[in-house]
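Please read it alongside the coordinates.

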Amino acid sequence: MKDERTLGEVLLAKGVSRRGFMKYCSATASLLALPPAMVPRIASALESARRPSVIWLSFQECTGCTESLTRSSSPTLEGLIFDSISLDYHHTLQAASGDAAEAARHAAMEENRGEYLVLVDGSIPLGNPGYSTIAGISNVDMLKETVADAAAVISVGSCAAFGGIPGANPNPTGAVAVNELVKDMPVVNLPGCPPIPTVITAVLAQFLTFGQLPDLDHYGRPRAFFGQTIHDRCYRRPFYEQGRFAETFDDEGARLGWCLYKLGCRGPITYNACATVKWNQGTSFPIESGHPCLGCSEPGFWDEGGFYQPISTARIGGGTALGTAVAAGAAIGAAAAAMSRRRQAKTIKEG
Amino acid sequence: MELLDFARGPALQFGLYAFVIGTVWRLLGILLLAAKPDHSAPRKRGGILAALKVISSRSVTAREFRQDTLYASVLGYVLHIGLFVIVFLFVPHILFFKGLIGLEWPGLPNNVIYFVGVITAGVGVALLLRRMTHPVLKLISNFDDYFSWVVTMAPIITGLIIPIRFGIRYETLLAIHILSIAVLLTWLPFGKLAHAFLVFFSRGTTGMVLERRGAKT
Amino acid sequence: MSATHPFGAGPRGNIDPILNEVMHALDRLLTDNESTAIDLSSLPFGPGEIEELEEQLGIGEIKAELDALGKSLIRETIYPGVWWLEHRNTDGETAGRYIEITRVPEILKAQDADIGAGLKQLNRRLEPVGDAAVT
Ligand code: HEM
Ligand code: HEM
Ligand code: SF4
Ligand code: SF4
């Protein structure tokens, strides 16, 4: 099962010409946010690169992340990068099932000991192992067993990276993120609901090209894609600075493409590449389509208040709490005044 | 986002309660005090009108002193007008108040706010320098004056840094901004910044007393 | 610009800075023979902005179409030495847009590996003739 061919050989076998390969390398450079001048280096690295073995585990998830990646039926350039890994286990995509599938997983682990990548989508329930099982194995057990000899783990999507929907308040299954369970090896978080497919392939491409994992931020996200906020790269930013805001989804401002801050845009506090990489082969991204950013690549984004509330909305106790504060202030004030009145009266009497 | 959550949640909540409790406390504590008995016969009847007169007349320096205090008065006005514009006419701020009290009003473009912010910060520094160098002011200033200056300036400075960034993450800067606001709110009713609400009562009282004595106000 | 164009009331964002960059790159091409490539996917374009940039650069004398892993359009702009490259995948979706400032884009040139493969193929075709084959 172990594929010893280099990527160059695999592509050649597929009848890809050198020009096609150069195109593929340009796309890889774009993906990795490397300048086009790096294309020759990428080409020589990719030519001799061996295809990494990948085991994909799906836990408490909606298959949206797999869908995001495999949306296209015919090979796209990014699809090719995905094709050039050796996907040895993915229970949604593979034909084998049951014991045969588990055997494939074990075989891949055995043959690529210490070198294979584990991709995970979905969060892991700790509440009751029975909440989510595969072939009778609980998610926790399967994760721990599979990562034991892996080179690295890539958490695909907000569920695997941060707990996502299953982990949202009140978190009935006790769902946790992968990096809460895997502590002794690199875990790359690729959050997003779903993550941008380009970002997933880029991380694979980097591993493929340079044999390295990307540089990560404090949430374990690749800086190349999560280094800047949506707001910092948003083409509507000039409207934000000019104070031109859409007030509703169908007013004049919305039609003129003004800033969506007042409609709840999370752009200023959300780190993701949507504004530049965009979605659907660079077609557009949510804000371009007129919808505020939901902050889907940030931890706990489901629990950060209403999606359509501006982010600076006061999220602290309103009316009754303040009423209590007024009453408390009044009580202290009255007591203080009464005390000084008594003191005053005493002074007058004595004086 | 943890620091931001703390700043937005417990810290700001604490600041707001301290502000409300403190303000009501200080106001009632003073208003409920017994007035000192004054046994003299009033020259004139010092009513509400007399109070209002001084509240407004003291907003302009008496002609005799105008020349000497012009610099400080102008700076003082710019500081306060700047603060007002920044706090109440910046759209993200307005949306904060909207969440709190349900009311919304039109704001100014952010660029204008940044400009006003820089001016206000500069004026704040000028006022501090004056306080530290003016022979009399220097003597009568205490910790309260300097601390009040710091907590007033902190939100302006931290707010201005948000759009500049200096390579620091937005959430971190925002969290610091909000923490500085929590400190300001907590301190405001208890130190000299309480003049924000007491100034009207002190002037009003002065007006009534002076009127009663028949002094020129 | 129509009234509903998002930039009708706002600034023109990326276009002028890019044209500026292109101008400097052209200058370097002429003086130092140095080529430059600009990857447009790394820039935050608003709706319609790329199209406007494309329009500003215009259509020059050469137009080529490459068919490898999907189509690619390679076109010289009205500024000689400035090329507009657009890679498509097999679905016809845009996979990358670049501006190259160079005499001939590298991808247009025949590549040694392909030349070698072609040579071998031609060789095999002529084999029966025997002596005509290059070895
Ligand atoms: C030029 C000066 C200032 C600038 C540029 C500034 C900027 C900002 C910004 C960008 C936010 C973020 C809103 C968000 O996205 O969540 C904010 C929030 C806030 N600012 Fe300022 N600010 C300034 C001065 C002040 C001052 C002087 C005060 C009060 C004394 C103040 C009070 C607040 C409050 C209460 C919030 C809401 C906190 C929240 O987001 O929950 N700001 N400010
Ligand atoms: C309606 C509200 C307010 C009124 C009528 C008022 C009035 C005044 C007056 C008359 C002075 C003395 C001016 C001078 O020394 O030249 C003063 C000083 C000052 N006020 Fe206010 N104030 C108000 C609100 C505030 C608020 C909300 C803050 C802070 C958040 C503030 C901060 C200051 C500071 C820092 C000074 C000292 C300036 C210096 O160093 O000279 N004020 N205010
Ligand atoms: S739409 Fe959102 S991301 Fe864009 S400028 Fe406005 S607040 Fe920022
Ligand atoms: S715009 Fe925001 S919510 Fe939408 S996909 Fe991007 S990061 Fe997620």
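Where is the place of A:Pro194 in chain A? A:Pro194 sits in the loop between β9 (187-190) and α10 (197-210) of chain A, helices (H or I, at least four residues) and strands (E, at least two) being DSSP runs numbered from the N terminus.

1. Basis of the note. This is a predicted model, in which local features need pLDDT of at least 70 and side-chain atom pairs count only at pLDDT 80 or more, whereas totals for chains, interfaces and linings use all residues. Residues are numbered from 1 along each chain as its sequence is written, chains are lettered from A and ligands numbered from 1 in the order in which they are written, and side-chain values use heavy atoms, with hydrogens and water left out.

2. Cis peptide bonds in chain A. The bond that joins A:Cys193 and A:Pro194 is cis, with omega about 0°. Another cis bond runs from A:Asn169 to A:Pro170, with omega near 0°, and A:Pro170 is placed in the loop between α9 (164-167) and β8 (175-176) of chain A.

3. Positive phi angles. A:Asn171, found in the loop between α9 and β8 of chain A, has a positive phi of about 45° although it is not a glycine. With 21% relative accessibility, A:Asn171 counts as partly exposed (buried means under 20% relative accessible area, exposed over 50%, and partly exposed in between, with a 1.4 Å probe and protein chains only). C:Asn33 is not a glycine either, and has a positive phi of about 60°; C:Asn33 lies in the loop between α1 (15-32) and β1 (36-39) of chain C and is exposed, at a relative accessible area of 52%.

4. Which chains touch. Of the two pairs of chains in contact (heavy atoms within 4.5 Å), chains A and B share the most contacts. Chain B and chain C are joined by no contact, and their closest C-alpha atoms lie 13 Å apart.

5. Chain A with chain B. This contact draws 41 residues from chain A and 34 residues from chain B, and the area buried between them is about 3500 Å², of which carbon and sulfur atoms give 61%; buried area is the accessible area (1.4 Å probe) that two parts lose on being put together, summed over both. The count of salt bridges between chain A and chain B is one, a salt bridge being a side-chain nitrogen of Lys or Arg within 4 Å of a carboxyl oxygen of Asp or Glu. That salt bridge is formed by A:Lys262 with B:Glu104, whose closest N and O atoms are 3.2 Å apart. On the side of chain A that touches chain B, α12 (237-242) and α15 (319-350) of chain A each supply at least two residues, and α15(A) gives the most, with 15 residues. By class, that side divides into 21 nonpolar, ten polar and ten charged residues; here Ala, Val, Leu, Ile, Met, Phe, Trp, Tyr, Cys and Pro count as nonpolar, Asp, Glu, Lys and Arg as charged, and the others, Gly among them, as polar.

6. Chain C with chain A. The contact takes 40 residues from chain C and 32 residues from chain A, with about 2900 Å² of area buried between them, of which carbon and sulfur atoms give 58%. The side of chain C that touches chain A takes two or more residues from each of β1, β3 (71-76), β4 (82-88), β5 (94-101) and α3 (112-126) of chain C, and its residues comprise 20 nonpolar, twelve polar and eight charged.

7. Ligand 2. A polar side-chain atom of B:His80 lies 2.7 Å from a nitrogen atom of ligand 2, while an N or O atom in the side chain of B:His195 is 2.7 Å from a nitrogen atom of ligand 2.

8. Ligand 4. The residues that surround ligand 4 include A:Cys274, A:Trp279, A:Cys293 and A:Cys296. By class, this shell has six nonpolar, three polar and no charged residues.

Conventions:
Near = heavy atom within 4 Å. Polar contact = N/O pair within 3.5 Å; in protein donor to acceptor, adjacent residues only side chain to side chain.
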